[in-house]
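I opened a notebook page for this structure. The entries below record what I looked up, in order.

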Amino acid sequence: MTQAAAKHSPLARLADLRLIKARRPVLDGVALEIFAGELLALVGPNGAGKSSALKCLGGIETAWSGRIELKGRRLTDFPAGERARRIAYLPQFFAPHWELSVADLLDIGRQRGLNALGWSAVRPPVPAAGDTTDKSSGLLQDLELTGLLDRQFASLSGGERARALLAQALIARPSLLLADEPIASLDPAHQLRTMQYLRRCLTDVASLVVLHDLNLALRFADRIAVMAEGRIVVCGTNEDILASGILTEVFGVRFETYPTPWGRALLPGQDDLG
Amino acid sequence: MMLGPELLGPGRLLDLLRPAASDHPLDRLLFEWRLPRVLTAFMVGGLLGAAGAIFQGIFRNPLADPFLIGTAPGAALGATLALLVPGLALFQAVSPLLLLPILSFLGAFGATLGVLLLARLARVRDTAGLLLAGVAMAAFLGALRSYLMLALTDETISLQVVLSWTLGGIQTPFWRELGYVALACLLLLAFARRLAHGLDVLGLGDDVARNMGLPVERFVVMATLLASALVALAVTWGGTIGFVGLIVPHLVRWTLGPRHAPLILTSALVGGILLTLLDGLARSLLPPAEIPLGLLTALIGAPFFMLILARRSRQ
């Protein structure tokens, strides 16, 4: 997939992206390209700026400088509704303020891109609330949500919540999904299953996923971008990343690699600083 | 229509509504006084119900109420100014339909925005902090109003009028005024319905709302403007009637769920019905005196508020 994708022009491109928060440079010249249909994992130590980069792309942080392009067009040239339609964001912590059912959540997600007065400023128009004649039943089946539609979101298990949120973000068919540690609070079995769901849903959606678990990144991502101190240090295929030895440098830990049926896996070994 | 110092049975009421009975004194009472008053009570209740639903959506908090967060006290302060400040009172006498609502609106909007800013400056995110900011604002504005009342009333201006605002009581407009109020109500409700999507999205959190294309700050100011207009109109015609904006959206949410489109419209309907009934009771429980409506709603609303708090703390 990587070889084929790389031949096309990127879906999204970040160049010299800078963000200053509380007089501290959080992003210090991020450069990154995301290609259609790929799963690009964003890894790096805490405080490297991963979440901030996602928020700039998702239209949540607006005080950035530099350049973000979507399909060759500056992000700032997009009307807010159109940007919202194309780029969906899954936050690290999600807690709706009201007791919404899964169906409510999906219905609100379907209306992604409406303006402040609930009008649609984009073409094709955003379907009206309650419109059930959408083509998203495939998505609901893929995510095994058809039986959960009437359940309250708050009553779902962690794995079910992750799936419901994924559907909420994908139901309006964005071209880029940004996910901030979608599996952070799940047990290993559900982490694995959620990553499999993610993979299954992303046939025509590019995704930039912040992951803490390097092994899941190695197993499921097409490419990995390593971030440290507000910059992308290396971005490449999994083999490139492993061969570069950059992980040891960035995380300050020496990793041992082990062969597994799906490729090489990592275990943090000796503390490199000690 | 049946309720009042003189109770009318359904049969008697129908008799009076027939054109043949038109020279009966009770007939005049019905058409000049009771019917406009019933309609006004319905509209004031509807405005408060819808405003409560919007405020709860803006504050993302089921305990937000126009009275607890300072909006209605702000509107009451504006109304007091319109009635008592000599120059303004003169203008009020000339054009009663404009000045009172406008000053109430400015008071309502200023107070709500003040509470929102206060909460933001203090980085308050939880229910208690937000309500405390509202309570502080309400206490301050209430004190300011009391001071104005003491300082500015004399024999020429009746304290009675201002007091009726404080305690809450439906005014009886002329039919022409009623028409304007009804028109304003319909326009405001139509606009309120348009906010439903934004309020739904806002309930998912600021980050998700921004990503979904909602300009959060601008939307909050816009929704606050509109809800303040609803409250100002309600306060102009009904004085400060507490708890309707709290109870009604709550009841509706229990039955219809938290989506704002049905919530806002149904809250308006239920609020209208509730206040019409309560106003009827207020007029007929202690004849010939009228019980201040705000007193009745507080008697019912305050225990309800405690019930909600108890439920929340159990969760």
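Helices (H or I, at least four residues) and strands (E, at least two) are taken here as DSSP runs, numbered from the N terminus. I worked on a predicted model, where local features need pLDDT of at least 70, side-chain atom pairs count only at pLDDT 80 or more, and totals for chains, interfaces and linings use all residues. Residues are numbered from 1 along each chain as its sequence is written, chains are lettered from A in the order in which they are written, and side-chain values use heavy atoms, with hydrogens and water left out.

Entry: chain A. I noted ten helices and twelve strands in chain A. Of its 274 residues, 53% count as buried, where buried means under 20% relative accessible area, exposed over 50%, and partly exposed in between (1.4 Å probe, protein chains only).

Entry: a tryptophan. I found A:Trp98 in the loop between strand E6 (87-90) and helix H4 (102-110) of chain A. Is A:Trp98 buried or exposed? A:Trp98 has a relative accessible area of 8%, so I wrote it down as buried. I then looked up its contacts (heavy atoms within 4.5 Å). Leaving aside neighbours within four places in sequence, A:Trp98 is in contact with residues of chain B, among them B:Gln56, B:Arg60, B:Pro258 and B:His260.

Entry: the interface. I counted 29 residues of chain B in contact with 33 residues of chain A. The two chains bury about 2,500 Å² between them, 60% of it on carbon and sulfur atoms; buried area is the accessible area (1.4 Å probe) that two parts lose on being put together, summed over both.

Entry: charges across the interface. A salt bridge is a side-chain nitrogen of Lys or Arg within 4 Å of a carboxyl oxygen of Asp or Glu. How many salt bridges does the rule find across the interface of chain B and chain A? I recorded three. One salt bridge joins the side chains of B:Arg259 and A:Asp104 (3.4 Å, N to O). On the side of chain B that touches chain A, helix H2 (25-59) and helix H8 (175-194) are among the helices that each supply at least two residues.

Entry: For A:Cys235, the nearest cysteine sulfur is that of A:Cys56, 17 Å away. A:Cys235 counts as partly exposed because its relative accessibility is 32%. B:Cys185, at 7% relative accessibility, counts as buried.

Key: A disulfide is a pair of cysteine sulfur atoms within 2.5 Å.
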